[in-house]
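Please look over the sequence and the model before reading on.

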Amino acid sequence: MKPPATDPWASLRAHTPARIGLARSGSALATKALLEFRADHARARDAVGDVLDAAALAAALAPMGEVLGVASAAVDRATYLRRPDLGRRLDAASEARLAAHRGEYDLVLVIADGLSPSATRAAPALIAALLGRLGGWRLAPFVVARQARVALGDAIAAALGAGAVAVLIGERPGLSVPVSLGAYLTWRPRPGSTDAERNCLSNIHALGTPPAAAAQRLAGLLAAMRQRGLSGVGLKDEGELL
Amino acid sequence: MTARAATLAGTRYVFPDLATLLARATPPRSGDVLAGLAAGSARERVAAQMALADTPLAAFLEEPVIAYEADEVTRLILDTHDRAAFAPVAAMTVGALREFLLADGTDEATLAALAPGLTPEMVAGCVKLMRLSELMTVAAKCRVVTRFRTTLGLPRRLGVRLQPNHPSDDPKGIAAAVLDGLLLGAGDATIGINPASDSPARTASLLHLLDDIRQRLAIPTQSCVLAHVTTTLGLMNQGVPVDLVFQSIAGTEAANAAFGIDLALLAEAADAAAGLARGSIGDNAMYFETGQGSALSAGAHHGVDQQTLEARAYAVARRFRPLLVNTVVGFIGPEYLASGKEIIRAGLEDHCCGKLLGVPMGCDVCYTNHADADQDDMDALLTLLAAAGVNFVMGVPGADDVMLGYQSTSFHDVLATRELLGLRPAPEFEAWLEGQGILDQARRVRPPEPARLPAPLRRLLA
């Protein structure tokens, strides 16, 4: 069944990215719609399986400051997907590397592969925009983390001696947006910090919140966090007013 | 606590308590491995299943898997257990119960009478021994019929929740997806939105939007915005049109606390919904969602396997006589159910347990992009559930939920399944589809050209 010449759905599609008014044959999708869905799923699956290009990321970050590479205790992608507990812990070598850089820091910025390693390509632009707004913060070296969950940032901050952590991490890929970055801010992080103690800005990508706008929101949240001496649910209202 | 043991090929396996026995006997899934509860080998798993098969059902009443004093869900299960209903199976073991459920003489009436006598742990233990075909055969014998403005769960009927989510709750975008679903025969179970933000103002505006569409088109169905129960309660008190009260629930007190609820709050919400009496043909006004792994995810599993805890969530559900309960089986991610194979088995286990306990089970047949699954797995689970008599499934435009970022079943998928197995929508909704000219003469959903649709529907397309 072909869609009619004047497709009545065309105007409605302007209001939603949902797959409405799909052409069909019997109850099944037309071939084009079927294959477009498969292509989008393939893209999202590939986004999960991507390997973080830590060298390229470090090169992009190097002009802005020192960069340390770390890995979680999840040894490979398959382990990472099934063992969130391992993705929250540093491996021994990383623990030692960070201990050697221990110091007095207000904030550490962590760039983590998460579920969409390619999404971290947006991180250097975000960080460049953010650094201009972080005068007065003593920054630890940037940390690039492989096979990382959000809570790995707590372990990283504890090892470095940082008073706050911002984790920029690749989010669960969807069919419409396979590469999206999330930012999680935690004040006084420690192993065992709960999600209720974090502030999150998600959907950082060109069609959601672009990196420059995200940097502005994050700088505001960080300032409020420092002023109030807390992060998480208690900071929610101020965050939304920014 | 009584240790139980079985010897397999000369090795003796000992299980110190019922929770350990249930966990080791569970067919493999990643969440139990993550929790450190799974059997260490295939042989240990079978040994546990042998020991479980020999365990008397009465043991589950004497040895709660989570202590009575520590957990209000345990108290609900034991305090509401119907000894008279239990009597016909009181002397049976878990293995004997499996055979009883499958026996020719055990029919719909037997199972309906038995339901209040079964506890979640009994049915969870029993399904661990079953193959997929048995999970389907037993579930298909059960019938749980509920009503609000449509009748759900009738024989040879398959309902659909029309799920018109939008990433920023745009009213026109949501209305467009609602129209798409209605024209494809979806929406008899409910038209239910997951809001991107569940602020009271946003939830209220979406409730008005859905109520307006329903009334304008005179659709016999019920609407729902899946906000937190406290948000919905507040809106009911302000006179916002609330048909169904939604809440996610789990099988332990601590996991429910992580959802920000307890049984008293659910009771308050159920009373408030009953007070509104908005159902035209029935008063089942609650909508619950569940899913294996939610308790572990909240750090609230008490060393109990995720399938047993899921069955305990149905004890919470049945207390409040819901219209709809669905297990969102693949949503939580591969750390709990790793693959299409694990998701398919879990979906059929959940459906069977729910039906045995007298809960109107549906299923969100779904997966995320980091799980090892695809639409073929969803086709398999949808078809198996439909053959097993599932009350309802989801209908999402093109199977792609653009707000929650996961894949479920599409309007088209449900149509194909209805046609393949000869299933029909809820009778009240089917009559409406006929009146709109959306069904053709063979009673297939084949909407006419837009110009020939009734005026109210045509206007929504303009």
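## Basis

This is a predicted model, in which local features need pLDDT of at least 70 and side-chain atom pairs count only at pLDDT 80 or more, while totals for chains, interfaces and linings use all residues. Residues are numbered from 1 along each chain as its sequence is written, chains are lettered from A and ligands numbered from 1 in the order written, and side-chain values use heavy atoms, without hydrogens and water.

## Chain B overall

Chain B has 22 helices and 14 strands, taken as DSSP runs (helices H or I, at least four residues; strands E, at least two) numbered from the N terminus. Its C-alpha atoms fill a box of roughly 75 × 45 × 45 Å along the principal axes.

Of the 462 residues in chain B, 63% are buried (under 20% relative accessible area, 1.4 Å probe, protein chains only). Among contacts (heavy atoms within 4.5 Å) with a separation of 6 or more, 77% join residues 24 or more positions apart.

## Helices α10(B) and α18(B)

The axes of α10 (residues 132-141) and α18 (residues 340-356) of chain B come within 9 Å and cross at roughly 30 degrees. The two helices are therefore roughly parallel (angles under 35 degrees).

From α10(B), the contact residues include Leu135(B) and Met136(B); from α18(B), they include Arg345(B) and Leu348(B). The contact residues divide into nine nonpolar, one polar and two charged (Ala, Val, Leu, Ile, Met, Phe, Trp, Tyr, Cys and Pro are nonpolar; Asp, Glu, Lys and Arg charged; the others, Gly among them, polar).

Key:
Axes fitted to C-alpha atoms, helices over the stretch in contact; angles between N-to-C directions. Parallel < 35°, antiparallel > 145°, perpendicular 65-115°, else oblique. Buried < 20%, exposed > 50% of the residue type's maximum accessible area, 1.4 Å probe, protein only.
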